[in-house]
Amino acid sequence: METTGKTYEYDEALRARTEAYTDKDTGAISRNLLGKRIGVSGASVSTYVNRKMACSPENIEAKLREYFRQEDEREQAAARKEDFQLDTGYKPTSVSEDAYQTIQHAQQERKLVILHGDPGVGKTQAALQYCRDNPKSTVYIRIQAHKTSMAGVASMLCDRLGLPQTGGSEKMWDAIHARLMNTNMLIIVDEAQLLKQNVLDELRQFPDGDELEGIPGNGVALIGNSELYERIRRIEIRKQTRSRMAVQRAYRTRDLTKEDVQMLFPQFTGPEQKKELKLLADICRASSSDIRMAKNIVDLAAGAGDLSYEGLLRAAASTPVGMI
């Protein structure tokens, strides 16, 4: 019951669940994070848990009920999939491993490399795995459509590097160069086809370092779709940038091998599952779909409790792949 003024009725079961869910030692998340997820402040969550609200708890309780209902449904869906042992970890396919080694080359040799081609073929997964393997010496950003300018990209890099995002783009870029100078840090830029020309010109300078002082530069890996390469091929990227490209690698979904698909979907490697595996291989390699789509279809089928060939077809029918 509320202790300061008017008395309000609390849903005690909901309040107790919220308290346990946000317990500092055993809870799932903090009260600040829960508040952010339901659209209130962390202080409001604490006030509710402590029964000290100055107004009716009806609104926050409605938000909490909806949140916990969705969490319960999510857990139930995950439980249905447990029997199928879906593996979402990194898979070193021939494509993703080639991308991984190309990114490694950029760091080791302090060069500019370009990885481009079909979406959903493994480029990003390779980059993320490289970052997990080298967390102290990599800076990964994924370009967003509203942050393609000098200031937008600089602010993303500053955020990753723990630098202030103030003073305008020139000062931010100066700070980035100063922070990276004489280090072995690697910059990985995903969705690089969205970058503006002047940002590409800025990034291509990092491998140069300070030749006069003998200070080596930093490797840069640009990852994007085929549009990135087409801009380069049409000479829309300045000659200075093109001449600094140490490696450019193109990846296509059709390059995925049978062994790659088996690695991606180990649940379908038995002799009695050849039809299912071929279906997934066709989806992975199709020009209109990719690995992500195939994984989504398997996830949908597992959620429905049916990973048979027919179950995969039904799941595929509800995606952009359509009826196969």
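The axes of helix 2 (residues 31–38) and helix 3 (residues 42–49) come within 7 Å and cross at roughly 105°. Helix 2 and helix 3 are therefore roughly perpendicular to each other (65 to 115 degrees). This is a predicted model, in which local features need pLDDT of at least 70, side-chain atom pairs count only at pLDDT 80 or more, and totals for chains, interfaces and linings use all residues. Residues are numbered from 1 along each chain as its sequence is written, and side-chain values use heavy atoms, leaving out hydrogens and water.

**Helix contact**
- R31, N32, L34 and G35 in helix 2 meet G42, V45, S46 and V49 in helix 3, where contact means heavy atoms within 4.5 Å.

**Aromatic pairs**
- The count comes to 6 aromatic pairs, with ring centres of Phe, Tyr and Trp (its six-membered ring) within 6.5 Å; planes under 30 degrees apart count as stacked, over 60 as edge-to-face and the rest as tilted.
- The rings of Y10 and Y48 have centres 5.6 Å apart and planes at 45°, so the pair is tilted.
- Y10 lies in the segment before helix 1 (12–21) and Y48 in helix 3, so this pair ties together parts that are 38 residues apart in sequence.
- Y10 and Y48 are both buried (under 20% relative accessible area, 1.4 Å probe, protein chains only).
- Y21 and F68 form an edge-to-face pair, 5.1 Å centre to centre with 90° between the planes.
- Y21 is in helix 1 and F68 in helix 4 (residues 58–82), 47 residues apart.

**Aromatic cluster**
- Y21, Y67 and F68 form one aromatic cluster.
- Y21 counts as buried at 16% relative accessibility, and F68 counts as buried at 2%.

Definitions and conventions. Axes fitted to C-alpha atoms, helices over the stretch in contact; angles between N-to-C directions. Helix = DSSP H or I, 4+ residues; strand = E, 2+ residues; numbered from the N terminus. Parallel < 35°, antiparallel > 145°, perpendicular 65-115°, else oblique. Buried < 20%, exposed > 50% of the residue type's maximum accessible area, 1.4 Å probe, protein only.
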